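Please read the following report alongside the sequence and the coordinates.

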Amino acid sequence: MEEPPVYTTNDFAYIKCAEIGDEQVRGDFEKWMIGKTIPLLDGDKYLAYAHDWARFWRWYQRHQ
């Protein structure tokens, strides 16, 4: 699976969950993010910090 593009602002980097190409991975990522200290950005469940995605993707690849 190709990783989603990372977007940057002056303050942080983020991804758009809709651009996670695999529906199963996208669903697993959204479930994984539930209850995290810093949830998906600004209450928008379709954006996530790039560092959260990177941490999830490393974990996901090891456990598949």
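Of the 64 residues in the protein, 31% are buried, where buried means under 20% relative accessible area, exposed over 50% and partly exposed in between, with a 1.4 Å probe and protein chains only. This is a predicted model, in which local features need pLDDT of at least 70 and side-chain atom pairs count only at pLDDT 80 or more, while totals for chains, interfaces and linings use all residues. Residues are numbered from 1 along each chain as its sequence is written, and side-chain values use heavy atoms, with hydrogens and water left out.

The secondary structure comes to two helices and three strands, which follow the pattern β-β-α-β-α along the sequence; helices (H or I, at least four residues) and strands (E, at least two) are DSSP runs, numbered from the N terminus.

| Element | Residues |
|---|---|
| β1 | 7–8 |
| β2 | 13–16 |
| β3 | 47–49 |
| α2 | 50–62 |

The three strands form an open sheet in the order β1-β2-β3, with antiparallel pairing, two strands being paired if DSSP finds at least two bridges between them. The edge strands, β1 and β3, each pair on one side only. Strand β2 is joined to β3 by three bridges, and Tyr14 stands opposite Tyr49 in β3. Helix α2 packs on this sheet and touches β2 and β3, its direction making about 80° with that of β3; axes are lines fitted to C-alpha atoms, for helices over the stretch in contact, and angles run from 0 to 180 degrees between N-to-C directions.

Leaving aside neighbours within four places in sequence, Ile20 is in contact (heavy atoms within 4.5 Å) with Met1, Pro4, Ile15, Val25, Arg26, Phe29 and Trp53.

The count of aromatic pairs comes to 13; rings of Phe, Tyr and Trp (its six-membered ring) pair if their centres lie within 6.5 Å, with planes under 30 degrees apart counted as stacked, over 60 as edge-to-face and the rest as tilted. Phe12 and Tyr14 form a tilted pair, at 6.0 Å centre to centre and 55° between the planes. Phe12 counts as partly exposed because its relative accessibility is 30%, whereas Tyr14 is buried, with a relative accessible area of 17%. Ring pairs also link Phe29, Trp32, Trp53, Phe56, Trp57, Trp59 and Tyr60 into a cluster.
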